[in-house]
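Q: I'd like to learn how to read a model like this one, feature by feature. Can we go through it together?

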Amino acid sequence: NFVSKKKKYLFTLDLEGGTWISSSTVSGAFDLQPDQLGRMIGDGVLYFCEDGGSGSDIHGRDVMTGQYYTIVTGDGYDSETTGLAFSPDNMFMYVAFQ
């Protein structure tokens with residue numbers, strides 16, 4: 001998966017099938033632009049940091065159903081979320097506000 005910030009699309013690649021799909025990042029859970037992507041192995045959720053000003057959040061998207069979730073809200077921070085990472089055992093998510 002990758003995000004085009006200029007075109008405002010999320011692209012999901014199927015490397016085995018040689019196909020891809022795209023979905024807009026303008027509507028839905030995102031108030032700002034998705035930036036960094038992260039995924040824990042085996043949980044089926046693609047996680048996003050939002051790029052922008054106040055209210056930048058961390059969202060998740062279930063890759064099987066397409067349903068969006070807000071994982072962390074950035075209320076009260078005047079910056080964007082960044083540094084999305086997971087512990088090796090997938091028990092902890094790390095994120096920073098810059």
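Q: Which residues make up the largest nonpolar core?
A: A nonpolar core is a set of buried Ala, Val, Leu, Ile, Met, Phe, Trp, Tyr and Cys residues joined through side-chain atoms within 4.5 Å. Buried means under 20% relative accessible area, exposed over 50%, and partly exposed in between, with a 1.4 Å probe and protein chains only. Here the largest core has six residues: V45, Y47, C49, I58, L84 and F86. Two elements, β5 (45-51) and β8 (81-86), each give two or more residues to this core, and β5 gives the most, with three.
A: Before going on, a word on the ground rules: this is a predicted model, where local features need pLDDT of at least 70, side-chain atom pairs count only at pLDDT 80 or more, and totals for chains, interfaces and linings use all residues. Residues are numbered from 1 along each chain as its sequence is written, and side-chain values use heavy atoms, leaving out hydrogens and water.

Q: How many helices and strands does the chain have?
A: Helices (H or I, at least four residues) and strands (E, at least two) are DSSP runs, numbered from the N terminus. This chain has zero helices and nine strands. Of its 98 residues, 34% count as buried.

Q: How do β8 and β9 run, and how many bridges join them?
A: Two strands pair if DSSP finds at least two bridges between them. Four bridges join β8 to β9 (residues 93-97), and the two run antiparallel. T82 stands opposite A96 in β9. The two strands form a hairpin with six residues between them, and N90 in the turn has a positive phi of about 60 degrees.

Q: Is D57 buried or exposed?
A: D57 is buried, with a relative accessible area of 8%. Its place is in the loop between β5 and β6 (58-62). Contact means heavy atoms within 4.5 Å. Not counting residues up to four places away in sequence, D57 touches F48, C49, E50, T70, V72, T73, G74 and T81.
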